[in-house]
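Me: I have a structure open and would like to talk through it with you. Can we start with how you decide what counts as paired strands?

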Amino acid sequence: MPTTELSALSEPQVAASTTALRLAGVHKIYPGSPEVRAVDGIDLEVAPGEMFGLLGPNGAGKTTTVGMCTTRILPTQGRIEVAGLDVVAEPARVKRRIGVVTQANTLDRSLTLHENLALHCRYFGWSARRSRARADELLERFRLTERADAFPMQISGGMAQRLQVARAIAHEPDVLFLDEPTAGLDPQSRLALWELVGELRRDGLTVVLTTHYMEEADQLCDRVAIIDHGRVLVCDTPERLKAEHGASMVVDLHLSAQADDALLDRLLAVTGVTDADRIASGVRVLARDTEGLLARVVSVADHAGLSDLSVTGASLEAVFIALTGRDLRE
Ligand SMILES: Nc1ncnc2c1ncn2[C@@H]1O[C@H](COP(=O)(O)OP(=O)(O)OP(=O)(O)O)[C@@H](O)[C@H]1O
Ligand SMILES: [Mg+2]
């Protein structure tokens, strides 16, 4: 009998756990001078079957958080449970329940695509025959069958990423962690990957992903936690976050000349405008989305050489800007 089945028999019933992932008071402090508070007190709960997004700018602590949830990084403080299992006390059992795709390509370059998948199953104690069958099935599902005998160096970035996801779920985990899975992919590959992840999710897999693409999180996730400086700023459904914080819209006014203080004052005096700040191309206006707002802002800016404008309506991007005063990409 394959060892997985044996160990499954001896596993105590943890499936009854009502959360797929729970973080309580989690901190990660990297020593040094100054020390880095990469994760500075995070509490989160992810329900089984949920698609959950950790959204935040570079350095927010996303990878460190995922690293701790996936047993790769030891928390300095706090407790993390996957399906009721403590990640620090029981890393081996946790590893059987999770799949991980990290920011780096970790495929084995000396193995074919098929071998990469089959070996992963073998590593988790599956028989050679069952592992081969699973590899076939996954190659089919992830539309890689034609390249089964190719090596990772011979396939596109999009294919490599699909293979990494296929490998991460090969041993049938409960929770899949994806750290910036679409970074560096072209739009088409990105879409293809999301379709596949969407299918997995419909099969009941819990998915935790990190991204700094706001639209991606908005479209894909049931709930998102926006994190910054190692802390959760807000955590809710995209719809509720936008309704609560994103009523603020962001209007970037591109001006032909440098914005002077008088212009900022005139913009701030416009009904509905809550903030106006200089940006490289002109002025960024934060405002409540009220009737006629754009027309009022434009009429003020017109006198200052308005050459173009961009509007970010109720979006997670606007939520982040409203909460932090910064762009995600800054
Ligand atoms: N091993 C380490 N030693 C010291 N500091 C670290 C280490 N790993 C990460 N950090 C720091 O911790 C903070 C959080 O980093 P982390 O990689 O978790 O952020 P992130 O949100 O994943 O960012 P990105 O979007 O760039 O992937 C950053 O300031 C980073 O420089
Ligand atoms: Mg990261």
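Reply: Two strands are taken to pair if DSSP finds at least two bridges between them. Please keep in mind that this is a predicted model.

Me: OK, with that in hand, which strands form the open sheet, and in what order?
Reply: The open sheet is formed by 4 strands in the order β2-β1-β4-β5, and their pairing is antiparallel. Its edge strands are β2, residues 36-46, and β5, residues 85-86, each of which pairs on one side only.

Me: How many bridges join β4 to β5?
Reply: There are 2 bridges between β5 and strand β4, which spans residues 77-82, and the two strands run antiparallel.

Me: And which residue stands opposite Asp-86 of β5?
Reply: That is Glu-81.

Me: Switching to the ligand, what surrounds ligand 1?
Reply: The shell consists of Tyr-30, Val-36, Ala-38, Gly-56, Asn-58, Gly-59, Ala-60, Gly-61, Lys-62, Thr-63, Thr-64 and His-212. By residue type, the shell around ligand 1 divides into 4 nonpolar, 7 polar and 1 charged.

Me: Which element gives the most to that shell?
Reply: Helix α2 does, with 3 residues. Both β2 and α2, the latter covering residues 62-69, supply at least two residues each to the shell around ligand 1.

Me: Let's jump to α11. Which of its residues are buried?
Reply: In α11, which runs over residues 293-302, the buried ones are Val-297, Val-300 and Ala-301. Viewed down the axis of α11, these buried residues fall within an arc of 95°, so they line one face of the helix.

Me: What does the face turned away from the buried side carry?
Reply: That face of α11 carries the exposed residues Ala-295, Ser-299 and Asp-302.

Me: Zooming out, how many helices and strands does the protein chain have?
Reply: Its secondary structure comes to 12 helices and 14 strands. The C-alpha atoms of the protein chain fill a box of roughly 80 × 45 × 40 Å, taken along the principal axes.

Me: What share of the chain counts as buried?
Reply: Of its 330 residues, 39% count as buried.

Me: One last thing: what percentage of the contacts with a separation of 6 or more comes from residues 24 or more positions apart?
Reply: Such residues account for 70% of those contacts in the protein chain.

Methods:
Residues are numbered from 1 along each chain as its sequence is written. Chains are lettered from A and ligands numbered from 1 in the order in which they are written. This is a predicted model: local features need pLDDT of at least 70, side-chain atom pairs count only at pLDDT 80 or more; totals for chains, interfaces and linings use all residues. A residue is near a molecule or strand if its C-beta atom, placed from the backbone, lies within 6 Å of it. Ala, Val, Leu, Ile, Met, Phe, Trp, Tyr, Cys and Pro count as nonpolar, Asp, Glu, Lys and Arg as charged, and the others, Gly among them, as polar. A residue is buried if 20 or more other C-beta atoms lie within 10 Å of its own, exposed if 12 or fewer, and partly exposed in between; C-beta atoms are placed from the backbone. Two residues are in contact if their C-beta atoms, placed from the backbone, lie within 7 Å. The arc is that of the directions from the helix axis to the C-beta atoms.
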